[in-house]
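Hi,

Here is the structure I promised to pass on. Please open it alongside this note, and my findings follow below.

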Amino acid sequence: MASVIGKRVGGRTYYYLAESARVDGKPRVVGQRYLGTAEDIAAAVANGGPEAAGARHRSFGDVAAVWGTLQRLDLARRVDAVAGPQRARPTLGLHVALAVLHRATAPETEFEEWWHGCLAQDLIRPRPGALTTTGHWRALQRLGPERIAGVENVIAEAVLELLGDDGTSALAVDVAQFAAFTAADCTLPSACQDVLAGLGLVVTRDGAIPLASRFYRRETAPTFGALAVELGEQYPTADVTLVFHAGQAAQLDLGARTGFVGSLPLADYPDLFSRPASARRRVDPERFAGLTALDTRTTVDGTRHRVILTHSATLHAAQYRAFTSELSTTVRELDGLAAALAAGTHRGDRSQVHAEISRIIRGRRVERVLSTTLTGVRAGELRLTRRVDEPAVARLVEEFFGKQLLVTDRDWPVAEVVTAYRARTHLESTFRWLTGPASAGPSPRWDWTPHRIAVHTLVSVLAATVTHLMRREADRAGMNLSVAELLDQLRGIGETVLRHRSTGGRPRTRRILSDRTPRQQALFELFGLERFSPA
């Protein structure tokens with residue numbers, strides 16, 4: 001039974017909600033809750049509830065979705081199994097899971113700032129003071145080489161368990177622009193240099209989900225062929241397809257290799273790029289809007305191979321915009337030089353003006369469509385004219401823009417060949433997001449020793465594993481998004497935390513999720529975020 005009782009303190013009456021019950025046959029007050037003064041109660045009734053004393057907004061969807069995926073992979077328990085018996089709490093497994101969660105959702109934010117304002121505290125609920133920033137970084141340093149290798153292996157097993165038959169074939173990919181670190185083995189700041197790092201990966205053919213990695217310093221990089229062999233030996237199956245880009249093709253003997261998908265320099269095959277658009281067929285309108293392809297065979301390095309000439313309307317439009325901007329800039333610079341010559345303000349001789357023209361045009365595609373004429377002999381008499389060859393522009397746009405030439409020995413459908421080749425692009429994009437700002441390390445100073453680089457690489461690879469697994473699930477649900485786009489959509493599902501004035505005891509809080517767009521709602525349901533949302 002509930003009743004309101006008042007207590008006089010210092011000449012004022014304070015009210016409580018008392019809960020009464022019979023104890024041993026006698027009425028007793030078994031609980032009470034402070035309500036406040038009469039004015040407090042009147043204000044609460046008039047406003048429909050207690051007045052909020054403060055509010056803060058934080059992202060919800062990205063943290064909850066990544067954390068849910070970490071739970072499905074059972075990452076913390078698997079890492080603890082590799083680490084062996086531990087006295088420390090939280091365990092190393094939880095620290096690694098938190099590091100991956102932080103890297104995947106807020107790589108630009110310091111860990112301490114992220115942790116104190118993040119939903120993760122409500123998801124994990126550590127003991128007060130049990131998880132500190134210093135303790136977190138110290139725990140990660142317990143990841144020695146054997147543990148790092150073991151963690152990578154057990155998480156690869158977890159991914160393959162989730163994928164089932166879809167994980168039986170893989171791709172070997174080189175991410176040459178993985179990250180840059182400031183070397184710690186320098187005695188003077190002026191002697192410090194950035195360590196440019198690359199990363200070889202074995203990833204699933206479906207979804208480009210990392211399974212194994214090989215970190216290397218750029219100055220001691222292995223050949224791409226040797227890297228591919230090494231990566232293939234790390235993966236439990238023999239069905240690994242090498243993925244390479246046009247710049248790496250010269251390093252490979254395709255006639256002696258099996259299992260590859262790569263690109264070739266389009267300009268080396270004029271008989272193909274000059275084929276009319278009518279020779280191409282649509283690939284997969286649902287997965288690749290505006291993509292057409294010509295599937296044929298030609299001689300590559302003396303051997304007949306299957307080649308696929310693709311044309312992307314999206315890439316065509318992007319290249320055309322970039323080209324017109326480049327042409328406009330070049331014309332503007334040439335016109336400025338011509339005006340300076342005509343006004344007599346440029347007094348260079350003929351060789352100097354020729355050098356200036358070469359500097360403006362050199363190395364650009366505009367060389368194919370732009371011609372210049374320099375008249376006069378002596379300084380002050382030189383005049384410059386230029387002409388844009390519009391028919392040449394039309395030929396360039398028609399023959400090259402939007403096109404890519406792929407080569408493979410696989411008999412996969414064209415859509416699967418394109419998907420395999422684009423895995424490298426997706427991974428490069430993901431690691432640019434994960435490793436750029438994050439390479440700063442914790443404050444106030446972070447020396448990138450080989451061990452710390454290895455730990456950083458492991459966390460980055462695991463973050464890519466989790467986010468690419470999520471991207472694959474979204475793609476299967478009909479949402480073709482990059483990792484950055486997916487996380488941005490999830491981050492748009494926000495949460496407002498309202499703190500109400502205390503009516504006795506600790507201040508009460510209330511969590512409210514933001515309204516969601518149709519796509520955000522679809523992702524909310526796909527990743528089961530209801531279980532993490534406020535009751």
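One definition to begin with: buried means under 20% relative accessible area, exposed over 50%, and partly exposed in between, with a 1.4 Å probe and protein chains only. This is a predicted model, where local features need pLDDT of at least 70 and side-chain atom pairs count only at pLDDT 80 or more, while totals for chains, interfaces and linings use all residues. Residues are numbered from 1 along each chain as its sequence is written, and side-chain values use heavy atoms, with hydrogens and water left out.

Let me start with the aromatic rings. Rings of Phe, Tyr and Trp (its six-membered ring) pair if their centres lie within 6.5 Å; planes under 30 degrees apart count as stacked, over 60 as edge-to-face and the rest as tilted. There are eight aromatic pairs in the structure. One of them joins Phe-178 and Phe-215 edge-to-face, at 6.4 Å centre to centre with 80° between the planes. This pair links distant parts of the chain, 37 residues apart: Phe-178 is in strand 5 (residues 170-182) and Phe-215 in strand 7 (residues 210-217). Helices (H or I, at least four residues) and strands (E, at least two) are DSSP runs, numbered from the N terminus. Phe-178 counts as buried because its relative accessibility is 1%, whereas Phe-215, at 26%, counts as partly exposed.

Phe-273 and Phe-400 have ring centres 4.5 Å apart and planes at 35°, so this pair is tilted. It also links distant parts of the chain, 127 residues apart, with Phe-273 in helix 10 (residues 270-273) and Phe-400 in the loop between helix 13 (390-399) and strand 15 (403-408). Both Phe-273 and Phe-400 are buried. Elsewhere, Phe-111, Trp-114, Trp-115 and Trp-137 make up one aromatic cluster.

Next, charges over rings (NZ of Lys or CZ of Arg within 6 Å of the ring centre and within 35 degrees of the ring normal). Arg-205 has its charged end over the ring of Trp-412, 3.7 Å from the centre, and Arg-516 lies over the face of Phe-524, 4.1 Å from the ring centre.

Finally, have a look at Thr-298, which is found in strand 11 (residues 291-300). Its relative accessibility is 9%, so Thr-298 counts as buried. Leaving aside residues up to four places away in sequence, Thr-298 touches Tyr-269, Asp-271, Leu-272, Thr-303, Arg-304, His-305 and Val-307, where contact means heavy atoms within 4.5 Å.

Best wishes
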